[in-house]
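These are my notes from one sitting with a single model.

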Amino acid sequence: MSLAFATIRVGLLSKTIQASRSLPALYLGGARLYTNATIPTPKEIIVEKVANFEPTEHPWMSQMPAAPKSLLPQERVLTMVVANAGAGKLKDVARDWKYVPKSFHPAGMEAILQLNCLVGFPKTINALAAVQKVGVERTPEWQEEHSSEGNFFAIRGDEACSKIYGEKYQKLRARMAYLHPLLDTFMVEHAYGRVIGRGGCLPLRMRELCVVSVLSGQDVPMQLASHVQGALNVGATQEEVLAVLENSKLIWGEQTYNQAIEVAKTVFNQNAAK
């Protein structure tokens, strides 16, 4: 290398270093570029900021039969949020979120987060973006629990799934393993261990009522029946399930609602016959 060429390279490097002092530090990982620039806070990404309304003021409340007192207004609104998210109705998701009290935002974010197991990541991402635009109270409860045990999620998933499916749990595991061995692993470790089994602000009863609300419009009667029973297994009442299914009438129409009600009544009748 000639002295002149070396001098030019050193000069260019010096200018690059000086210029970089005013920019976020950049790190090259493989073929992707990462930056340690500060991630925008919620206030910086909100495009619509509105005051929250009382859950009882939600326009759908007057269009549906009264729910049992055990199903709180904010819980019922939350089942509307996830059902509209499952239907891809983002304007309705944003409207519904305005009626979710800020103190209930952690539960709401959990309910939306678990949609990835029910309707996939695209709709989950879109729903989370919709509520972020309205405004979200951020909380440490968003963080994922960790354990030194390598099988932590498998253990927690096994516990949550067995509570929901009860006496049918082993039959479910056998069927999933028969369909595909990894499907059984994904179900237990991810769907139930990493997502539905998360503790804290959204107990299993509400998680299952939200699942029922979403599945009621997906034309999956077998899975809907399983989760209607699952909701009952973890503390929901028949009246709460029926109140949640009212959402499907306003989102997907009368026919879908009637089908969902038939599924639920079949489950109720089977329990009564035992």
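I began with patches, which are made of residues with over 30% relative accessible area and no salt bridge, like charges being joined within 9 Å and nonpolar side chains (Val, Leu, Ile, Met, Phe, Trp, Tyr) within 5 Å. A salt bridge here is a side-chain nitrogen of Lys or Arg within 4 Å of a carboxyl oxygen of Asp or Glu. Accessible areas come from the Shrake-Rupley method with a 1.4 Å probe, and for residues only the protein chains shown count as cover.

This is a predicted model, in which local features need pLDDT of at least 70 and side-chain atom pairs count only at pLDDT 80 or more, while totals for chains, interfaces and linings use all residues. Residues are numbered from 1 along each chain as its sequence is written, and side-chain values use heavy atoms, with hydrogens and water left out.

**Surface patch**

I found a nonpolar surface patch formed by Tyr178, Leu179 and Leu183, with about 350 Å² of accessible area together. Leu183 belongs to helix H9; helices (H or I, at least four residues) and strands (E, at least two) are DSSP runs, numbered from the N terminus. I read Leu183 as partly exposed because its relative accessible area is 35%; the classes are buried under 20%, exposed over 50% and partly exposed in between (1.4 Å probe, protein chains only).

**Whole chain**

I counted 13 helices and two strands in the protein chain. Of its 274 residues, 41% are buried. The chain exposes about 15,400 Å², and carbon and sulfur atoms supply 58% of that area. For contacts (heavy atoms within 4.5 Å), I took pairs at least 6 apart in sequence: 68% of them join residues at least 24 apart.

**Helix H10**

How many residues of H10 are buried? I get 12 of 12, so the helix is mostly covered. The expected span is 1.5 Å times one less than the number of residues.

**Cores**

A nonpolar core is a set of buried Ala, Val, Leu, Ile, Met, Phe, Trp, Tyr and Cys residues joined through side-chain atoms within 4.5 Å. The largest one has 54 residues, and Leu78, Trp97, Ile112, Leu209, Val212, Val228 and Val241 touch the most other members. At least two residues of this core come from each of H3, helix H4 (90–97), H5, helix H6 (121–134), H10, H11, H12 and helix H13 (254–273). I noted a second, separate core of 15 residues that includes Cys161, Tyr165, Leu172 and Met176. Leaving aside neighbours within four places in sequence, Trp97 contacts Asn52, Val81, His105, Gly108, Met109, Ile112, Val131, Val134, Gly135 and Val136.

**Helix H6**

H6 has 14 residues and should span 20 Å at 1.5 Å a residue; I find 20 Å between its end C-alpha atoms, which agrees. Thr124, Ala127, Leu128, Ala130, Val131, Gln132 and Val134 are its buried residues. Gly135 follows H6 with a positive phi, near 130 degrees.

Gln114 sits in the loop between H5 and H6. Is Gln114 buried or exposed? I call Gln114 buried because its relative accessible area is 2%. Beyond four places in sequence, Gln114 touches Val195, Ile196, Arg207, Cys210 and Val211. Gln114 and Val195 are 81 residues apart in sequence, yet 5.9 Å apart C-alpha to C-alpha.

Arg156, in helix H7, counts as buried at 12% relative accessibility. Its C-alpha atom is 8.0 Å from that of Arg194, 38 residues away along the chain. Not counting residues up to four places away, Arg156 touches Glu145, Tyr192, Gly193, Arg194, Gly197 and Arg198.

Ser248 in helix H12 is buried, with a relative accessible area of 0%.

**A positive phi**

Most residues other than glycine have a negative phi. Asp219 has a positive value, near 55 degrees. Asp219 lies in the loop between H10 and H11 and counts as exposed at 65% relative accessibility.
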